[in-house]
Amino acid sequence: MSDGSGDHPGVVIFPPLLFVICVVIGVAAHFVCPYRLHLGPWALFAFALGLAALLLAQWGKRTMRAAGTNVRPNLPTLSIVDTGPFAHTRNPLYLALILLYTSIGLALQSPAFLVVLVPMVLVLRFGVVLREERYLDAKFGDAYRGYKARVRRWI
């Protein structure tokens with residue numbers, strides 16, 4: 001991993017692109033399936049959840065930049081970040097994507113949209129997170145394993 005060209009986790013898809021693809025598929029499913037959830041006042045929860053997701057994502061990005069490491073998973077990780085939201089979850093940016101997607105589904109009150117959340121989470125877990133974890137373990141060894149022992153993957 002010293003030449004830099006292979007110094008990245010090799011994720012299967014850029015996570016924000018995965019999010020956009022799933023939103024497009026979810027919106028299409030929303031229009032194909034006319035059934036709607038009737039959440040009443042709970043639909044307002046969607047706004048709060050979406051706002052929390054956006055704030056979490058911004059906090060995570062700022063924390064990574066302040067630590068001097070790359071945010072994009074196709075670039076080398078320069079350090080283990082264990083402050084800010086990373087002190088509570090190892091994947092705050094991906095958690096933010098999941099929460100934001102969920103908030104859109106709740107706002108639409110669409111079970112069809114929410115069903116697409118399942119494959120999105122599976123791709124994030126197996127195609128992104130697990131690959132990143134293997135990469136970080138190989139690159140940082142005991143330091144990363146200690147971080148993994150202290151901080152949960154999601155929440």
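Analyst: A residue counts as partly exposed when its relative accessible area falls between the buried class, under 20%, and the exposed class, over 50%. The model is predicted. Arg145, at 39% relative accessibility, is therefore partly exposed, whereas Asp142, at 60%, is exposed. The side chains of these two residues, Arg145 and Asp142, form a salt bridge with an N to O distance of 2.7 Å. Because Arg145 and Asp142 are three residues apart in helix 6, about one helical turn separates them.

A salt bridge also joins Asp7 to Lys139, with 2.8 Å between the closest N and O atoms. Asp7 belongs to the segment before helix 1 (15-32) and Lys139 to helix 5 (residues 117-140), so this pair ties together parts that are 132 residues apart in sequence. Asp7 is buried, at a relative accessible area of 7%, while Lys139 is partly exposed, at 29%.

Another salt bridge is found between Arg153 and Glu133, where the closest N and O atoms lie 2.7 Å apart. This pair links distant parts of the chain, 20 residues apart: Arg153 is in the segment after helix 6 (142-150), and Glu133 is in helix 5. Arg153 and Glu133 are both buried. Arg153 and Glu133 also belong, together with Arg90, to a network of salt bridges.

With a side-chain nitrogen of Lys or Arg required within 4 Å of a carboxyl oxygen of Asp or Glu, the count comes to six salt bridges.

Notes: Residues are numbered from 1 along each chain as its sequence is written. This is a predicted model: local features need pLDDT of at least 70, side-chain atom pairs count only at pLDDT 80 or more; totals for chains, interfaces and linings use all residues. Side-chain values use heavy atoms; hydrogens and water are left out. Helices (H or I, at least four residues) and strands (E, at least two) are DSSP runs, numbered from the N terminus. Buried means under 20% relative accessible area, exposed over 50%, partly exposed in between (1.4 Å probe, protein chains only).
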